[in-house]
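Reader: I have some questions about how the labels for this model were assigned. Please go through them with me.

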Amino acid sequence: LGRGHGIIEVNGSITKTSQKKGRRRMKIPMCCLTWGLQEEGWAATWLQLRRELDLDADRDPFLIPNCGADWQFIRSQKMTSTNGTIILRELLIQAGINPIEAARYSTHSLKTTTLTWCASAGLKKGIRRVLGGHSKKDDSMVWLYSRFDMAEPLRQLANVYILITNGDLLPDEGKA
């Protein structure tokens, strides 16, 4: 693959896929691609920004600090999905999307869109389940998110990104 293509792994402590008392705050590894459809190597920029903000993974147990109304980071708080959605919509408006259209999107809709692309590309349901952070009844959260078990689903997601980037998969036009 190209420059900056890889996987980044972090530890999280909250999971939505299990509401059992003992698992709600269980530390779990989470993995993601370090690049996307438009940006090569976004993770390097993200890590640099964390260094500039003096955020340390051992001391600051969140991926992104929260933002206040003035767009300034609140160092002691993790980003909420509500604030993430507000920021996403603001970025879409800045990119030229009509505010009424932008209001249709949320941080959760990004996940739904990506999983829809994966289905359009023919990824198997089990792979999509893992990418979506969903588990079967007897799956262990540690298994679900371990870097070794995430490697193949992430490779397949990378292939979907490549198909879209090359114009071989046009999910917005319903053409696979």
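Author: In this predicted model, Ala43, Trp46 and Arg50 of H1 are buried.

Reader: What follows H1?

Author: Aspartate 54 follows H1, and its phi is positive, near 55°. Isoleucine 64 is in the loop between helix H1 (42-52) and strand E3 (65-67).

Reader: Why is isoleucine 64 called partly exposed?

Author: The relative accessibility of isoleucine 64 is 41%. Buried requires under 20% and exposed requires over 50%, so isoleucine 64, at 41%, counts as partly exposed.

Reader: Which residues make the nonpolar surface patch?

Author: Leu63, Ile64 and Phe73 make this patch of about 250 Å². A patch residue needs over 30% relative accessible area, and Ile64, at 41%, therefore passes that cut-off.

Reader: Which members of the largest nonpolar core touch the most other members?

Author: Leu33, Leu154, Leu157, Val160 and Tyr161 do, out of 16 residues. Two or more residues each come from strand E2 (28-33), helix H4 (107-120), helix H5 (125-131) and helix H7 (147-165). H7 gives the largest share of this core, 7 residues.

Reader: What is leucine 154 in contact with, leaving aside its neighbours within four places in sequence?

Author: Leucine 154 is in contact with Ile7, Cys31, Cys32, Leu33 and Leu131.

Notes: Residues are numbered from 1 along each chain as its sequence is written. This is a predicted model: local features need pLDDT of at least 70, side-chain atom pairs count only at pLDDT 80 or more; totals for chains, interfaces and linings use all residues. Side-chain values use heavy atoms; hydrogens and water are left out. Patches are made of residues with over 30% relative accessible area and no salt bridge: like charges are joined within 9 Å, nonpolar side chains (Val, Leu, Ile, Met, Phe, Trp, Tyr) within 5 Å. Accessible areas come from the Shrake-Rupley method with a 1.4 Å probe; for residues, only the protein chains shown count as cover. A salt bridge is a side-chain nitrogen of Lys or Arg within 4 Å of a carboxyl oxygen of Asp or Glu. Helices (H or I, at least four residues) and strands (E, at least two) are DSSP runs, numbered from the N terminus. Buried means under 20% relative accessible area, exposed over 50%, partly exposed in between (1.4 Å probe, protein chains only). A nonpolar core is a set of buried Ala, Val, Leu, Ile, Met, Phe, Trp, Tyr and Cys residues joined through side-chain atoms within 4.5 Å. Contact means heavy atoms within 4.5 Å.
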